[in-house]
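Keep the structure open while you read.

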Amino acid sequence: MHVETYQRLRAQCAQKRVTLVIVSKTRTAEQIGRLYALGQRDFAENYVRELCEKHALLPTDIRWHLIGHLQRNKVKQVVGFVHCIQSVDSIELLDSIQKHARAHGRVVDVLLQVHVAQEENKFGFLPAQMPHFLQFIADHAHQYTHLRICGLMGMATFTQDQAVWRREFTLLREVFTQARDTYFAANESFRVLSMGMSADYETAIEQGSTLVRVGSLVFDAHPFTN
Ligand SMILES: *Cc1c(COP(=O)(O)O)cnc(C)c1O
């Protein structure tokens, strides 16, 4: 782990008022504990099983984010403790989180995942579908009593071409701004735009990100070679 890189990243995010979420997938509880000792509280995992195992081992004031695809039948495993599910990619999943959060007497933060990358293996609503789904969610907002819809999440195409990330982040920001102003104008929670990872977080912040998800930059000696 690179303490100096972490501290620099943290200062950079604080200065820009961007939330720094450390992606801890494949890292040990001990590695996470070291960042916790430095004051880091937001961590993200991709897989339910790994998330549950680490949650059981680590301090309870960690804010856990789920950023990987979530199957509906696994919602109940995480809903009792998860802070934010960033990877909501269907209305069915939203309904399931609502149902289980209610049963647990919790309110869970969620982000809607938007598919802006050129890869087919990524999940999320397509930008062109967003108005349809946002209208549906807005019309049913009174039913979502145990969710807080806090914004959008997206990932750029995995490429070295910075022009591609920039274009995709710009598109995501436009979708976000339109969603906020058109469908969530009365919802003060809707203000998170989660975009940017190790390789592209600076471009993402430049394009309006309010939350970055960074893993390898902090944990690996050679973040861009894996
Ligand atoms: C792994 C992952 C990250 C972090 O990627 P790094 O390149 O390690 O910073 C961010 N977001 C998602 C959705 C991921 O799966």
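## What covers helix 5

The buried residues of helix 5 are covered by, among others, helix 4 (75-78), strand 4 (84-88), strand 5 (108-114), helix 6 (130-139) and strand 6 (147-154). Helices here are DSSP runs of H or I with at least four residues, strands are runs of E with at least two, and both are numbered from the N terminus. Cover goes by contact, meaning heavy atoms within 4.5 Å.

This is a predicted model, where local features need pLDDT of at least 70, side-chain atom pairs count only at pLDDT 80 or more, and totals for chains, interfaces and linings use all residues. Residues are numbered from 1 along each chain as its sequence is written, and side-chain values use heavy atoms, leaving out hydrogens and water.

## The helix itself

Which residues of helix 5 are buried? They are Ile91, Leu93, Leu94, Ser96, Ile97, Gln98, His100 and Ala101, with buried meaning under 20% relative accessible area (1.4 Å probe, protein chains only).

Helix 5 runs over residues 91-104, and its 14 residues reach 20 Å from first C-alpha to last, close to the 20 Å expected at 1.5 Å a residue (that is, 1.5 Å times one less than the number of residues). Just after helix 5 comes glycine 105, with a positive phi of about 65°.

## The whole chain

Zooming out, the protein chain has 9 helices and 8 strands, and 51% of its 226 residues count as buried. Its C-alpha trace spans about 45 × 40 × 30 Å along the principal axes. Among contacts between residues at least 6 apart in sequence, 58% join residues at least 24 apart.

Terms used: Buried < 20%, exposed > 50% of the residue type's maximum accessible area, 1.4 Å probe, protein only.
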